[in-house]
Amino acid sequence: MSAEEPQEQQDDEDLQYFVRIGQTDLDGTKSVERSLTEMNGIGRRTARLIAAEAGVDRTATFGRLDDDVIDEVVEIVENYADEVPNWLNNRQEDFYSGETTHQIGNDLQLTRQHDINRMKMIDSYKGTRHKRGQKVRGQRTKSTGRTEGTIGVNVEEIREEQAEEAAAEEDEGE
């Protein structure tokens, strides 16, 4: 047992617990594929493609990779839109610029918010649904998505009211 403990300590010294890509800190204790999927705009398929492009084993621990390899992965993530076909990007033919890009991290959240605000301003159907806080993508709303109060009969509340009335009648009767 004692022979294994120093080996584990040396491995922990080589491990980077956080790997920074853009404005996002990724977990260095997880595999490359799993760490990349924690970033907004990168799913499992995209993470697998990035690992293959960098020539990295996707199951390798991200924090144990050499700095050169990590820098290569970061560069591939930042230039992902240039590496893949247009249909694989998440922002095709942007409304304002007309370009096809792949947004990641906070940029993706900002562009989504801008799109929602634009829909609200022009009063499109989806925009009005967003304004009202209702479901936007055609889901059923008759029985789900209710945010206001309770539905149907609240038996406990009725029993409490009846108990209060009974107590009031007893007080009057005495």
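The model is predicted, so local features need pLDDT of at least 70 and side-chain atom pairs count only at pLDDT 80 or more, while totals for chains, interfaces and linings use all residues. Residues are numbered from 1 along each chain as its sequence is written, and side-chain values use heavy atoms, leaving out hydrogens and water.

**Negative patch**
- Patch members have over 30% relative accessible area and no salt bridge, with like charges joined within 9 Å and nonpolar side chains (Val, Leu, Ile, Met, Phe, Trp, Tyr) within 5 Å.
- A salt bridge here is a side-chain nitrogen of Lys or Arg within 4 Å of a carboxyl oxygen of Asp or Glu.
- Helices α4 (67-78) and α5 (80-83) each provide at least two residues of this patch, and α4 gives the most, with six.
- Glu78 sits in helix α4; helices are DSSP runs (H or I, at least four residues) and strands likewise (E, at least two), numbered from the N terminus.

**Nonpolar patch**
- Val153, Val155 and Ile158 form a nonpolar surface patch with about 260 Å² of accessible area together (Shrake-Rupley method, 1.4 Å probe).
- Val155 belongs to helix α8 (residues 155-173) and is partly exposed, at 43% relative accessible area.

**A buried strand residue**
- Thr24 lies in strand β2 (residues 24-27) and counts as buried at 18% relative accessibility.
- Buried means under 20%, exposed over 50%, and partly exposed in between (1.4 Å probe, protein chains only).
- Leaving aside residues up to four places away in sequence, Thr24 touches Val19, Met39 and Gly105 (heavy atoms within 4.5 Å).
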